[in-house]
Amino acid sequence: MNEWTPIAKEYDPLKAGSIDGTDEEPHDRAVWRAMTARYVPNRGVSGDPHLTLFVARLNLQTTEEKLREVFSRYGDTRNIRLVRDLVTGFSKGYAFVEFKEERALVKAYRDANKLVIDQREVFVDFELERTLKGWIPRRLGGGFGGKKESGQLRFGGRDRPFRKPINLPAMKSEFYGEGQAEKRERGWSRDWKTRNRDQRRSEREWSRGWGERDGARHSREERSRGREKRDRSRDRSSKKQRDEDRH
């Protein structure tokens, strides 16, 4: 876990298919296809890959002239290649921009990402085809990013970096000799015993308080009955004395 980084330093299709890069089995056919693919970068592409940016999510109406106008703000550009369909000639929505200096490249990488060009928010990253070891393009099940609707998200890139894994070791604890489940059960048992003990203590305190209150109530009743008895005896004595005086 000490070697974890949010951005992949080497392309691994299996890890790219995992949100935290820890999958051990491919979860869809595209990941499996990427794992078995043998991809060789296009040798016909010219230019310095370390001075080239990948620009995606372009408006299909955006032209090379528009891209040159926008990216020239960050420094001198050497070449702009808008990828088009070989049959129709229409734009495929992404391009590669090569700069003359690294300083301009870094500035554009930092500031041009999520820039709005022709009413579209663009995505900017370094060129990965010739710079990232093991790279597999999207059409072969690899790549980075993707849409949730496709069900084929790829992680480890700028668009969707890896999330930090949660480390939950399955090994037994050397101190307690137990695993996570046993530790949870022991914790629940301890909590239950504590709650039960507290409940019994509360019941004893309540009972003790009730007994004291009940005893006080009985004592008051006894004193009240004693006063009533003395009053009745005094009344009888007074009546008897009046009768004797009358005779």
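The model is a predicted one, in which local features need pLDDT of at least 70 and side-chain atom pairs count only at pLDDT 80 or more, while totals for chains, interfaces and linings use all residues. Residues are numbered from 1 along each chain as its sequence is written, and side-chain values use heavy atoms, with hydrogens and water left out.

Within α4, which spans residues 102–111, the buried residues are Ala104, Leu105 and Ala108; here buried means under 20% relative accessible area, exposed means over 50%, and partly exposed lies in between, with a 1.4 Å probe and protein chains only. These three residues are on the same side of α4 because they cover an arc of only 105 degrees around the axis, the arc being that of the directions from the helix axis to the C-beta atoms. On the face of α4 turned away from that buried side are the exposed residues Glu102, Arg103 and Arg110.

## Helix α3

In α3, the residues Leu67, Val70 and Phe71 are buried. They cover an arc of only 85 degrees around the axis, which puts them on the same side of α3. The elements against which the buried residues of α3 pack are β1, β2, β3, α4, β4 (116–117) and β6, with contact taken as heavy atoms within 4.5 Å.

Ser91 is placed in strand β3, and it counts as buried because its relative accessibility is 10%. A polar atom of the Ser91 side chain lies 3.0 Å from the backbone nitrogen of Gly93; a polar contact is a pair of N or O atoms within 3.5 Å, and within protein one atom must be able to donate a hydrogen and the other to accept it, while residues adjacent in sequence count only if both atoms are side-chain atoms. When neighbours within four places in sequence are left aside, Ser91 is in contact with Leu60, Leu82, Val83 and Arg84.

Glu98 is also found in strand β3, and its relative accessibility of 7% is why it counts as buried. A polar atom of the Glu98 side chain lies 3.1 Å from the backbone nitrogen of Asp48. Apart from neighbours within four places in sequence, the residues in contact with Glu98 are Gly47, Asp48, Leu51, Thr52, Thr77, Arg78 and Asn79.

## The enclosed cavity

The count comes to one cavity of 30 Å³ or more. On a 1 Å grid over the protein atoms alone, a cavity is a set of points where a 1.4 Å probe fits but cannot get out, a pocket is an open set with protein on both sides within 12 Å along at least five of seven lines, and lining residues have an atom within 4 Å of a point. The largest cavity holds about 70 Å³ of space, a volume being the space filled by probe spheres set on the points, which are joined across faces, edges and corners.

Its lining is made up of Val45, Ser46, Thr52, Asn79, Arg81, Phe96, Val97, Glu98, Glu127 and Arg130. At least two residues of this lining come from each of β2 (77–84) and β3, and β3 gives the most, with three residues. By class, the lining of the largest cavity divides into three nonpolar, three polar and four charged residues, where Ala, Val, Leu, Ile, Met, Phe, Trp, Tyr, Cys and Pro count as nonpolar, Asp, Glu, Lys and Arg as charged, and the others, Gly among them, as polar.

## The largest pocket

The largest pocket holds about 1200 Å³ of space. It is lined by 33 residues, of which Phe54, Ala56, Tyr94, Trp135 and Arg138 lie nearest its centre. Each of β1, β2, β3 and β6 supplies at least two residues of this lining, and β3 again gives the most, with four residues. The lining of the largest pocket has 14 nonpolar, six polar and 13 charged residues.

## Positive phi in two loops

Most residues other than glycine have a negative phi. Arg57, in the loop between β1 and α3, has a positive phi, near 65 degrees, and is partly exposed, with a relative accessible area of 38%. Lys114, in the loop between α4 and β4, has a positive phi near 70 degrees and counts as exposed at 57% relative accessibility.
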